[in-house]
Amino acid sequence: MASTEFGRMVRRWRDRVRPEAAGLPAGGHRRAAGLRREELAMLAGISVDYVTRLEQGRATNPSEQVVEALGRALRLSSAEREHLFHGAGLVPPGQGTVPAYITPSVHRMLDRLTGTPVAVSDASWMLLLANPLYTALMGERHGRDRSGAWRAFLGSGGRVRHTSQSQLALETAVVGDLRAAASRYPADQRLRRQIAELRSRSERFAELWDSGAVGRHEASRKTVDHPEVGPVTLDCDVLSVAGSDLRIMIYTAEPGSQDAERLELLAVLGCAGV
């Protein structure tokens, strides 16, 4: 299928998604009821220029990761997602690869938790979707920074404050999760490349991987150093979605606390575009 047809599919489905259904403010003058290009780009974690070129047929051969991200942002059904992959000249990921499809029920859950920072990741801790408050809390994440494993071993680490003990627990849990994912999804080449790169570039990862370290993510309390509202201490819970291997990370504040007030302030600042 020609790239122009792929662009028409993206445009048609973009016009179908109402901004409030994607957790975005619906105010202001709009020429159409659907998502703006910049909103789709933000939700998919790609540039506005690339979305424009895809829609106009000036960009060809989008990667599997880009098509998957667009499918999530456009809230496509399973059949529509498959059609989008074929439109890009790609075979939809099948058995043996890490699932990245987010069900409509998970989308609806995020829509209803507007006052709570929530993010969805796959079994390899690749960030798939985050609601606006999570993004306001943790900052925008693009490219490799969307990988929790990359951030833990090769990135800046983000805004979460860590002790040596909590950092070790995080690293061990990430290694354990990647090992389990590689075992469950042996055909996933992206995951294999990620593990190989981490082993070659991070002595710490290689040491934990080769030692057979096993850990798991536990409910915990984390302090986030936010540049606008200051430190915010929140409870962090990780939920699993049965049958899809998705991980849902939810941050909550103790009611009536200063942290709850700062989270409410952050929600206001986030809506204002700070």
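## Salt bridges, a sheet and a buried helix

D177, R184, D245 and R247 are linked in a network of salt bridges, a salt bridge being a side-chain nitrogen of Lys or Arg within 4 Å of a carboxyl oxygen of Asp or Glu. This is a predicted model, so local features need pLDDT of at least 70 and side-chain atom pairs count only at pLDDT 80 or more, while totals for chains, interfaces and linings use all residues. Residues are numbered from 1 along each chain as its sequence is written, and side-chain values use heavy atoms, with hydrogens and water left out. Helices (H or I, at least four residues) and strands (E, at least two) are DSSP runs, numbered from the N terminus.

**Salt bridges**

- By the rule above, the count comes to 20 salt bridges.
- R11 and D15 make one of them, at 3.3 Å from N to O.
- These two sit four residues apart in helix α1 (residues 3-16), so about one helical turn separates R11 from D15.
- R11 is partly exposed at 39% relative accessible area, and D15 is also partly exposed, at 33%; the cut-offs are under 20% for buried, over 50% for exposed and in between for partly exposed (1.4 Å probe, protein chains only).
- R36 pairs up with E39, with the closest N and O atoms 3.5 Å apart.
- In that pair R36 is partly exposed, with a relative accessible area of 29%, whereas E39 is buried at 10%.
- D122 and R190 form another salt bridge, their closest N and O atoms being 3.4 Å apart.
- D122 lies in the loop between β1 (118-121) and β2 (127-130) and R190 in helix α10 (residues 189-201), so the pair ties together parts that are 68 residues apart in sequence.
- D122 and R190 are both buried.

**The sheet**

- Six strands make an open sheet, in the order β2-β1-β6-β5-β4-β3, and the pairing is antiparallel; two strands pair if DSSP finds at least two bridges between them.
- The edges belong to β2 and β3 (160-161), which have a single partner strand each, so one side of each is left without a neighbour in the sheet.
- Strands β4 (residues 220-226) and β5 (residues 230-241) pair in the antiparallel sense over seven bridges.
- Along this pairing, T223 stands opposite T233 in β5, and H226 has G230 as its bridge partner in β5.
- There are three residues between β4 and β5, and the two strands form a hairpin.
- β5 also runs antiparallel to β6 (residues 246-252), joined to that strand by seven bridges.
- D235 is found opposite T252 in β6.
- The hairpin of β5 and β6 has four residues between the strands, and G243 takes a positive phi there, near 85 degrees.

- Helix α4 (residues 64-73) has eight of its 10 residues buried, so it is largely enclosed by the rest of the structure.
- The buried ones in α4 are V66, V67, E68, A69, L70, G71, R72 and A73.
- In helix α5 (residues 78-87), the buried residues are R81, L84, F85 and G87.
- Looking down the axis of α5, these buried residues fall within an arc of 160 degrees, so they line one face of the helix; the arc is that of the directions from the helix axis to the C-beta atoms.

**The cavity**

- Searching the whole structure turns up one cavity of 30 Å³ or more; on a 1 Å grid over the protein atoms alone, a cavity is a set of points where a 1.4 Å probe fits but cannot get out.
- The largest cavity has a volume of about 50 Å³, a volume being the space filled by probe spheres set on the points, with grid points joined across faces, edges and corners.
- Its lining is made up of E68, G71, R72, R75, L76, R81, Y101, I102 and H107, where lining residues have an atom within 4 Å of a point.
- Helix α4 supplies the largest share of the lining of the largest cavity, three residues.
- By class, that lining has three nonpolar, two polar and four charged residues; Ala, Val, Leu, Ile, Met, Phe, Trp, Tyr, Cys and Pro count as nonpolar, Asp, Glu, Lys and Arg as charged, and the others, Gly among them, as polar.

Terms used
1 Å grid on protein atoms, 1.4 Å probe; cavity = no way out; pocket = protein on both sides within 12 Å on 5 of 7 lines; lining within 4 Å.
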